[in-house]
Amino acid sequence: MKQRGKKYTVLLIYLVLLLSFNLTGCGKLNDGKRIVRISLGQSETHPQYLGLLAFKDYVEERLGDKYEIQIFPNEILGATQKAIELTQTGAIDFVVAGTANLETFADVYEVFSIPYLFDSEEAYLETMQDEEYMRKIYSSTEEAGFEVLTWYSAGTRNFYAKKPIYTPDDLKGMKIRVQQSPASVKMMQAFGAAATPMSFGEVYTAIQQGVIDGAENNELALTNNKHGEVAKYFTYNMHQMIPDMLVGNLKFLKGLSEEELQIFKEAAALSTEVELEEWNKQVEKAKTMAKEEMNVEFIEVDIEQFKAKMLPLHQEMLEANPAIVDAYQHIQEMNKKVKGEE
């Protein structure tokens with residue numbers, strides 16, 4: 001039955017894509033414009049969607065006679081992993097994906113899953129804005145048929161659950177939804193909890209029905225995805241700062257002229273600026289809404305207690321995956337730079 005369900009899901013995705021072609025094939029409208037399709041798991045109010053609107057406007061203002069950008073939010077084109085596969089094949093052109101989803105295509109992306117990799121949000125931003133270094137990471141998926149164009153902030157990841165979490169010991173025995181990343185699973189094991197990977201769209205119902213006790217994400221999950229209705233305790237343990245990536249089909253990108261590619265790159269950079277600005281606004285708004293309308297309690301904890309549990313995992317992951325060593329060392333240098341310890 002599960003296999004049949006997967007077939008129906010794939011069929012539905014391709015049906016949506018077919019309709020988006022306006023039944024003309026080749027991704028073109030009747031006026032000859034090339035349709036550029038972007039898959040997004042978030043809603044139309046999310047900072048990433050607003051960033052993509054800026055991307056769309058920038059490209060169409062300059063290349064509107066050639067391209068029309070279409071954004072498909074809310075996992076319309078399938079869950080992220082499936083959308084990545086569709087981007088690989090060129091069925092769609094771009095997808096916004098978390099680095100955990102990219103680990104299976106390029107080992108280096110596992111570095112972002114290391115818990116407490118960054119010492120501060122300042123170090124995180126300093127690293128991600130180091131375009132020269134990040135470009136080396138972005139090009140690591142070329143063999144898989146796609147390349148990252150830019151990054152989006154997804155804030156800090158924290159635990160939220162049906163019961164309060166004050167110390168690492170409170171996690172023992174709990175079932176927590178994590179991203180489909182081996183590092184995330186190991187993190188929960190180190191905390192004594194049971195890791196439960198699942199699609200983000202399934203989390204609300206899973207918490208509501210008691211399939212899981214909670215999840216780990218940023219504040220927007222409480223309001224945009226209504227998780228605050230079923231999980232009333234949000235703990236600021238700040239275990240990860242994991243960016244999302246705008247991933248483009250390599251064949252499409254290489255098929256652009258030099259001038260067109262530059263415009264798409266400029267549009268991507270602009271989309272990141274807009275997303276970051278909107279992110280900060282929406283986090284504050286989400287915290288207020290979660291507190292006042294959903295009665296969510298925000299809990300400040302001793303982060304060092306949680307971090308101490310994870311440090312042995314750093315060495316384990318570095319030894320198991322040599323591809324992340326250089327990036328890890330680079331980020332440690334950024335941590336020191338921000339602290340003024342260089």
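What is the handedness of the crossing in which H7 passes H12? It is right-handed. The close-ups below start there, and all of them come from a predicted model.

**View 1. Helix H7 crosses helix H12.** Two packed helices are described by the angle between their axes and the distance between the axes. Here, the axes of H7 (residues 182–190) and H12 (residues 303–320) come within 10 Å and cross at roughly 145°. From H7, look for Ala183, Lys186, Met187 and Ala190, which meet Lys309, Met310, Leu313, Glu316 and Met317 of H12. Sorted by class, that contact has six nonpolar residues, three charged ones and no polar ones.

**View 2. Helix H6 has a buried face.** H6 runs over residues 131–138, and Tyr133, Met134, Ile137 and Tyr138 are its buried residues to look for. Looking down the helix axis, you'd find the buried residues within an arc of 145°, so they line one face of H6. An α-helix has 3.6 residues a turn, so residues three or four places apart point the same way. On the other side of H6 sit Glu132 and Lys136, both exposed. What do the buried residues of H6 pack against? Their partners are helix H5 (121–128), strand E4 (146–152), strand E10 (244–249) and helix H13 (325–339).

**View 3. Arg157 is a buried arginine in strand E5.** The strand spans residues 157–161, and Arg157 counts as buried because its relative accessible area is 6%, with the cut-off for buried being under 20%. Its side chain makes a polar contact of 2.8 Å with the side chain of Glu216.

**View 4. Gln42 sits in a loop but is buried.** Gln42 belongs to the loop between strand E1 (34–39) and helix H2 (47–63). Is Gln42 buried or exposed? It's buried, with a relative accessible area of 17%. Once neighbours within four places in sequence are set aside, the contacts of Gln42 are Gln48, Pro73, Asn74, Phe200 and Asn225.

**View 5. Tyr116 and Lys226 both have a positive phi.** Most residues other than glycine have a negative phi, and most peptide bonds are trans. Tyr116 has a phi near 60°, and Lys226 has one near 65°. You'll find Tyr116 in the loop between helix H4 (99–102) and H5, where it counts as buried at 5% relative accessibility. Lys226 is in the loop between helix H9 (220–223) and strand E9 (233–240). With a relative accessible area of 44%, Lys226 is partly exposed.

**View 6. Thr223 is a buried residue of helix H9.** Thr223 lies in H9 and has a relative accessible area of 10%, so it is buried. Which residues does Thr223 touch, not counting those up to four places away in sequence? They are Ala286, Met289, Ala290 and Met294. For a link back to View 1, take Lys186, one of the H7 residues that meet H12. Thr223 and Lys186 are 37 residues apart along the chain, and 28 Å separates their C-alpha atoms.

Conventions
Residues numbered from 1 in each chain as written. Predicted model: local features only at pLDDT ≥ 70, side-chain atom pairs only at ≥ 80, totals over all residues. Heavy atoms only, no water. Helix = DSSP H or I, 4+ residues; strand = E, 2+ residues; numbered from the N terminus. Buried < 20%, exposed > 50% of the residue type's maximum accessible area, 1.4 Å probe, protein only. Polar contact = N/O pair within 3.5 Å; in protein donor to acceptor, adjacent residues only side chain to side chain. Axes fitted to C-alpha atoms, helices over the stretch in contact; angles between N-to-C directions. Left-handed = near helix turned anticlockwise from the far one by under 90°. Contact = heavy atoms within 4.5 Å. Nonpolar A, V, L, I, M, F, W, Y, C, P; charged D, E, K, R; others polar. Arc of directions from axis to C-beta.
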